[in-house]
Amino acid sequence: MRFVDIDHLEEGMIVGKDIVDLNGNILLRAGVVLNDFYIERLKEKKFNGIYIEDEISKEIIPSELIPPLLKLKMIKTLQLIAEKEISSDVSVKEVKEIIIEIVEELTRTDAYLNIIELKSLDEYLYSHSVNTTLISLLIGIEMGLNKYDLYNLGMSALLHDIGKKFIDQKILNKPGKLTEEEFEKVKMHPILGYKYAKELGFSLLVCSGIIDHHEKYNGEGYPNNKKEKQISLYGRIISVADVYDALISTRTYRKAFPPHEAFECIISQVGTHFDSEVVNGFIHRVFPYPVGTIVQLSNGMVGIVVRNHRSFPLRPDVKVLKIKDEFVDEPYLLELTKNLNITILSSLNDFTNEKSNSIADTKEKNKLIL
Ligand SMILES: [Fe+2]
């Protein structure tokens, strides 16, 4: 299967992967044939895109970072904390237990982010916090943090934006540019989150990541204009994960960026916004061209990413589909690690594959939901 962004979905495409909401309900099932109604509904919900299944991508199965049920459990835990009034019975223990489970899952195998998460804007706060946690943990693992630090980092990342529960939702969801006064209010969320987490009984280490996640390496962040290593390690890690996930998400004021553009944006801000050691961890665990991405190559070829290599994030294995606008008869494998004269120029959102529709015709037209 391959990822197609929301603006390039077409009638007749086949859904490759179940689309599930925050409660685990299936909105659109794998195998359903897209029609205009479904596409409109996906657009209304501001999904970033979906995975589709077609001839050229049939052998590609993007691997989930953690089992979907575990992700749902994380969201439930976070909802519990975000929607609760301050009280003593929200337990640090519950959050810690789920984070331990996540860390075990991520350290059991060689985990990396090689998939584009499907998400709608409605669920932004929760899905963003969960993804920020997963990316922060991948970075922490790559940096060699011990389990104790990974648990604290995970809790800190899951709660990094918890202070937003105290900010007016109208400001947070405003489609246009914020006024200076509104922005000043939003900028309070790291401090409010820090205080809230402290009252709930989270350790100062956990709270350090919450208060520091908008600080910048050059001292131009907020709320305390800390710079370099004055910013806690967790704050420096969460800041990279937070910005990356925000960039690849649809927001009220713009659509999602493709992963490789977000990846370049992170790298371009090493030393100004981000710590180089942290970004080094990031680039070894998050792939800019997840499997199933259609890419334009510098020699005029177009292909689909079939495999990634940890040490060479910009040089995946690609199945060649087209050479200078002509479809090849038999797609074949091109290993960019062995063809150093060829580079990826960009990912292609508007790739259309004539073969897709013929499969759609033969598929049973399942009924659906959404
Ligand atoms: Fe934040």
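Where in the chain is lysine 46 found? Lysine 46 sits in the loop between helix H1 (36-44) and E5. This is a predicted model. The protein chain is divided into domain 1 (1-53), domain 2 (68-283) and domain 3 (292-356).

**Domains**

- The C-alpha centres of domain 2 and domain 3 are 33 Å apart.
- Five residues of domain 2 make contact with four residues of domain 3.
- On the domain 2 side of this contact, three residues are nonpolar and two are polar. No charged residues are found on that side.
- UniProt lists residues 103-298 as "domain: HD-GYP", in an unreviewed entry.
- Over residues 103-298, the chain is 52% helix and 2% strand.

**The five-stranded sheet**

- Five strands form an open sheet in the order E9-E8-E7-E6-E10. The pairing is antiparallel.
- Strand E9 (326-335) and strand E10 (344-347) are the edge strands. Each of these two pairs on one side only.
- From one strand to the next, the twist averages 30°.
- Strands of a sheet pair through backbone hydrogen bonds, and the pairing can be parallel or antiparallel.
- Strand E7 (residues 301-307) pairs with strand E8 (residues 317-323) over six bridges, in the antiparallel sense.
- Within that pair, methionine 301 stands opposite isoleucine 323 in E8.
- Strand E6 (residues 294-297) is joined to E7 by three bridges, and the two run antiparallel.
- E6 and E7 form a hairpin, with three residues between them. Glycine 300 lies in the turn and has a positive phi of about 95°.
- E6 also pairs with E10 over three bridges, again in the antiparallel sense.
- Which residue in E7 stands opposite glutamine 296? It is valine 302.
- In E10, glutamine 296 has serine 346 as its bridge partner.

**The three-stranded sheet**

- A second open sheet has three strands, in the order E1-E5-E2. Its pairing is antiparallel.
- Strand E1 (2-5) and strand E2 (14-15) stand at the edges. Each has a single partner strand, so one side of each has no neighbour in the sheet.
- E1 is joined to strand E5 (residues 49-53) by four bridges, and the two run antiparallel.
- Phenylalanine 3 has tyrosine 51 as its bridge partner in E5.

- Lysine 46 has a positive phi of about 55°, although it is not a glycine.
- Why does lysine 46 count as partly exposed? Lysine 46 has 19 other C-beta atoms within 10 Å. A residue is buried at 20 or more and exposed at 12 or fewer, so a count in between means partly exposed.
- Lysine 324 is not a glycine either, yet it has a positive phi of about 45°.
- Lysine 324 lies in the loop between E8 and E9.
- Is lysine 324 buried or exposed? Lysine 324 is exposed, because it has 8 other C-beta atoms within 10 Å, and 12 or fewer counts as exposed.

- Leucine 22 is in the loop between strand E3 (19-20) and strand E4 (26-28).
- Leucine 22 is partly exposed, because 17 other C-beta atoms lie within 10 Å.
- Leaving aside residues up to four places away in sequence, leucine 22 touches Ile75, Glu123 and Tyr126.
- Leucine 22 and lysine 73 are 51 residues apart in sequence. In space, they are 9.9 Å apart, C-alpha to C-alpha.

**A cis peptide bond**

- Which two residues does a cis peptide bond join? The bond joins tyrosine 222 and proline 223, with omega about 10°.
- Proline 223 is in the loop between helix H9 (204-212) and helix H10 (233-247).

How values were computed
Residues are numbered from 1 along each chain as its sequence is written. This is a predicted model: local features need pLDDT of at least 70, side-chain atom pairs count only at pLDDT 80 or more; totals for chains, interfaces and linings use all residues. Two strands pair if DSSP finds at least two bridges between them. Axes are lines fitted to C-alpha atoms, for helices over the stretch in contact, and angles run from 0 to 180 degrees between N-to-C directions. UniProt positions are given in the numbering used here, feature names are shortened, and annotations may be inferred rather than shown by experiment. Two residues are in contact if their C-beta atoms, placed from the backbone, lie within 7 Å. Domain bounds come from an automatic or database domain assignment. Ala, Val, Leu, Ile, Met, Phe, Trp, Tyr, Cys and Pro count as nonpolar, Asp, Glu, Lys and Arg as charged, and the others, Gly among them, as polar.
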